[in-house]
Amino acid sequence: MAPPAQSQRSQSPSQPSGKSEVSDLKLQLRQLAGSRAPGVDDSKRELFKKVISYMTIGIDVSSLFGEMVMCSATSDIVLKKMCYLYVGNYAKVNPDLALLTINFLQRDCHDQDPMIRGLALRSLCSLRVANLVEYLVGPLGSGLKDSNSYVRMVAVIGVLKLYHISASTCVDADFPSTLKHLMLNDSDTQVVANCLSALQEIWSAEASTSEEASREREALISKLVIYYLLNRIKEFSEWAQCLVLELVTKYVPSESSEIFDIMNLLEDRLQHANGAVVLATVKVFLQLTLSMTDVHQQVYERIKAPLLTLVSSGSPEQSYAVLSHLHLLVMRAPYVFSSDYKHFYCQYNEPSYVKRLKLEMLTAVANESNTYEIVTELCEYAANVDIPIARESIRAVGKIALQQYDVNAIVDRLLQFLEMEKDYVTAEALVLVKDLLRKYPQWSHDCIAVVGNISSKNVQEPKAKAALIWMLGEYSQDMQDAPYILESLVENWDEEHSAEVRLHLLTAVMKCFFKRPPETQSALGAALAAGVADFHQDVHDRALFYYRILRYNVSVAERVVNPPKQAVSVFADTQSSEIKDRIFDEFNSLSVLYQKPSYMFTDKEHRGPLEFADEIGNLSIGEATDNVVSSQRVEENDKDLLLTTAEKEETRAGHSQQASFGIDDLLGLGMPAVPNVPSPPQLKLNTKAALDPSTFQQKWRQLPIALSQELLLSPQAVAALTAPQALLRHMQSHSIHCIASGGQSPNFKFFFFAQKYEESSNYLVECIINTSSGKAQVKIKAEDQSTSQAFSTLFESALSKFGTP
Amino acid sequence: MISQFFVLSQRGDNIVFHRGEVPKGSAEIFFRKVKFWKQDGQEEAPPIFNVDGVNYFHVKVVGLFFVATTRVNVSPSLVLELLQRVARVIKDYLGVLSEDSFRKNFVLVYELLDEVIDFGYVQTTSTEVLKSYVFNEPIVVDAARLQPLGPGAIFMQGNKRMPGTAITKSVVANEPGGRKREEIFVDIIEKISVTFSSSGYILTSEIDGTIQMKSYLTGNPEIRLALNEDLSIGRGGGSVYDYGSSYGAGAVILDDCNFHESVRLDSFDMDRTLALVPPDGEFPVMNYRMTQEFKPPFHINCLIEEAGHLKAEVVLKIRAEFPSNITANMVVIEMPLPKYTTRASFELEPGAVGQRTDFKEANKKLEWDLKKIVGGFEHTLRAKLTFSQESHGNITKEAGPVSMTFTIPMYNASRLQVKYLQIAKKSSSYNPYRWVRYVTQANSYVARI
């Protein structure tokens, strides 16, 4: 409720501002409470409606609680529903009043009418008052067993509500296992779907503290459950289908025939009119075929038409959501969409959020065969009345120019932009011409002729002005007037508000001076003087530096300020491929719309059910076959989780050492296995075990937790663990290899693996160490369950030796 | 996993508010964000954005914002689709979706929402299913006073054959006269997009169609819809824009289509028949997309020339390329003029009726409205422009493109047809009203100059 609107309302004569109306209502309600006169329910309905209407517009009607409850002793279901609505709204803030209602709600839970049973149960669970949970267990228990599916549906969600009020009450009553039973046996698919939603939430929350819950959570993506749900997929409502499909994306089939079975089964879901179902299906297809390159490509071809249909048949909002996903796919496989570029042409009446996406797609799909058409189209938008889109279109032309080899035609277009004499067009085009010249210096002649004709007075935007000044400095030998234009710019130094422009001006004047000293000398003097006096620190420093280096030696200054340049071949990509992969893994979620992985915009508990991000989602599922590279990438990914992007840049520097260390690691050269450690004889580990991250991730998902324990670290170990690398190296010497690590003191997280000697049976370990408490949480998964205890002993002994000389 | 649901009016008034794990101020945060998305006000807020960890989703339906919030990283298309569907369910119940009908029926809307979403999880959006859970009777607002809404509403204008009010009839409320009328509506609605180059040939064209159904039949009988027998789907190989390789005249070739879940396609491959038991309420039976070449209903001709110092002349010609028994309604033609235009004087053809011209000073746009255009006719508009400064040489780069909106009832560009509509109910006396209606609308109809 917007406060201004509210205050406006309370002044209006037709709306009550407060007390007198409420007490009036109270009186009327009281009169009706005991009445059995015919038609009394109708009058009650009117009064109830009034009460609820006040409630919605923010008037406090909680004082009517008692009267409302009294009036609800009726068989009229409309009245009951309104009363439930009222009670649900006020119970949380008035726990004492809530107690009043428990009685009548509990009674209604046994009503003959299943509708009333369901409604009462829902209201009972919605009271959200912690000290009333004891009253919920009984009705919920019978609700789950009710013969009517509506009541069961409500009861299942009720269990989830109870869990959120008091997790222990819910678990102690053994509700989760009841839900599991219902999920696998109930005849009503909405009951099944609700069980699935509730169990995902409950077990995900419990998994951090309970092994059993963590096992149960993984059992949800077992073959048994997945096949059971898939076989009934068409019975589910479209929304529940989305839920099931999302679960299926987590399933790892054991053989490729399964993959094709699942895809064949879901094929017709791609023709569903509901975009959410189609996207969920697309995700299943993409995830299942990730490791099958050819099939994966076929999937792109298959999903193209349905997605394009959704774009054009839905509301603009839905088009936007689908287009964002298409955009992601286009970025990954531009060639698949390159013949469909006309679908990404903008329509004049589309909202700008749709147009922007389309422009990005056009840039992405441009190749030798379609560039001419695309650029022609983009040039039309440049004259568009929608200025932000016009700007964006010009930038798109520039981006295409920078990614194409044949820029001939594009350069002409860009130069035409400069001649259009619209401020914003000129500004955008200048920036582009500058970038273009940095990549293709051979075009300087044509460009400079046009740029030279632009009056600097018509260029106001800092970015464009800086670009123009850069070109004046860089090509001053070709531009007749360069020294004089620069001079006039220096004269207006004080009016120039942008420090960026002033910095460029200093450098440009320097460059010009080296090429045409007599004409520039006075401008240079003025620029340096103005620069040294500048209040902006960077400008001041640069001017001073130029001044001193010129005094020291002019030819040295030239070598520093204007060295021969190499053409830029590739401009830096703004987003790393790790991040792009991560976004792809989170297909059909907000990550795709925001173009950010979820950890950048949500906190941990809201990543969604069954999200493995807190476990091994950190591992990239890249196709990298080179272990050295991938272990480094994993490392980096883990840091992504922990650091902000700015910090990340700094950590990059440290990678070279880690990488070289990684080589030693993986080839097993640097660190010989230490034979003198007395390891239990029954289990010998392979010193040269190898496992790539995606296999690790797959196995980690598939295997149940064999063992989970908490170990105490020695003070020496704590002292030695200043960086993850130390422990890594130590464990390596015990033939336990690290596949991913991360964290900063005091919290570190490691994923280890080991292989049985002369057998390819793997052990996987997650180890979280907190150095301030000196504790290590260890979870072990084993392919050969019978030896997991032996491995655990080995792991423990290896860990206990850490830090000892 | 939705935390909140609310409906806001354009002014930001809260109409319905549903549940709240997210702080109460979120409606206000949302409204401020949408209202002031970019300072210059030129850009619309995207349908989804994140403020302080809360994700806001919204769809705009007849000027109302349907908003949902969540902290969870959910499927965006699921939430947007849901919001759209909630709007549709509410419309099914109230007959008319408007601020007024909302305010009159908010208790009913609450009741509906309670059944649609429980603790953030979608339970059902089927009007059919909801009928058995929802008991409040809608208070029907007078449809005649309201702006027409939704794609079906286009039938309300100027075509007497159409029972216009039926579209705004609630699926649950009883008719004032007592018994409900047995009837079913099947609307084939096509939105066409065409871009003409400056030399008049077609650059791109597309038809986005939907077969919409609204059934008021009792007893849920099965319905069979037969489409053109020569209908084919998917263009084998090659670009979809490969106009040359047409499959022989007459065939209707769709690029792609999708279907409502109630539709069974058992005999679709054989005889192009869709079988379904229509649920209550309004729903799309089938959506389709077509880029096959078709004859655009209007030809646009535009000329802009300098005519002396600080003066120019615009000549706009519109020719209706459809048969004379068909009439287009609500035709609006717009053309951006050079920014330095200060005045425009218009000259319509002699004897022109039902036409209106305007020069929108604020955004320098020429507007030409025609109440109707009869097939085969041509209309011309001349405008004399006065400029405040010299043009920069190429005046055509400063003006245009010309865009056009229109509605043409009983016309469809794709030639997709419902050959027959069969209601499987064995009784000779049972003969419900069946309405099969066609309409074509402009989506993006643009001519460059």
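**Exercise 1.** Find the distance between the closest N and O atoms of the salt bridge that A:Lys81 forms with B:Glu111.

*Solution.* In this predicted model, the closest N and O atoms of A:Lys81 and B:Glu111 are 3.0 Å apart, and a salt bridge requires a side-chain nitrogen of Lys or Arg within 4 Å of a carboxyl oxygen of Asp or Glu. Across the interface of chain A and chain B, the rule finds eight salt bridges.

The largest share of the side of chain A that touches chain B comes from helix 18 (residues 293-313) of chain A, which supplies seven residues, helices being DSSP runs of H or I with at least four residues, numbered from the N terminus.

**Exercise 2.** Determine how many residues of each chain are in contact, and what area the two chains bury between them.

*Solution.* Begin with contacts, meaning heavy atoms within 4.5 Å: 91 residues of chain A meet 86 residues of chain B. Next, take the buried area, the accessible area (1.4 Å probe) lost by two parts on being put together, summed over both; for chain A and chain B this is about 7,600 Å², with 55% of it on carbon and sulfur atoms. Finally, on the side of chain A, the residues that lose the most area to chain B are A:Trp239, A:Glu317 and A:Tyr348, together 10% of what that side buries.

**Conventions.** Residues are numbered from 1 along each chain as its sequence is written, and chains are lettered from A in the order in which they are written. Local features need pLDDT of at least 70, side-chain atom pairs count only at pLDDT 80 or more, and totals for chains, interfaces and linings use all residues, while side-chain values use heavy atoms, leaving out hydrogens and water.

How values were computed
Helix = DSSP H or I, 4+ residues; strand = E, 2+ residues; numbered from the N terminus.
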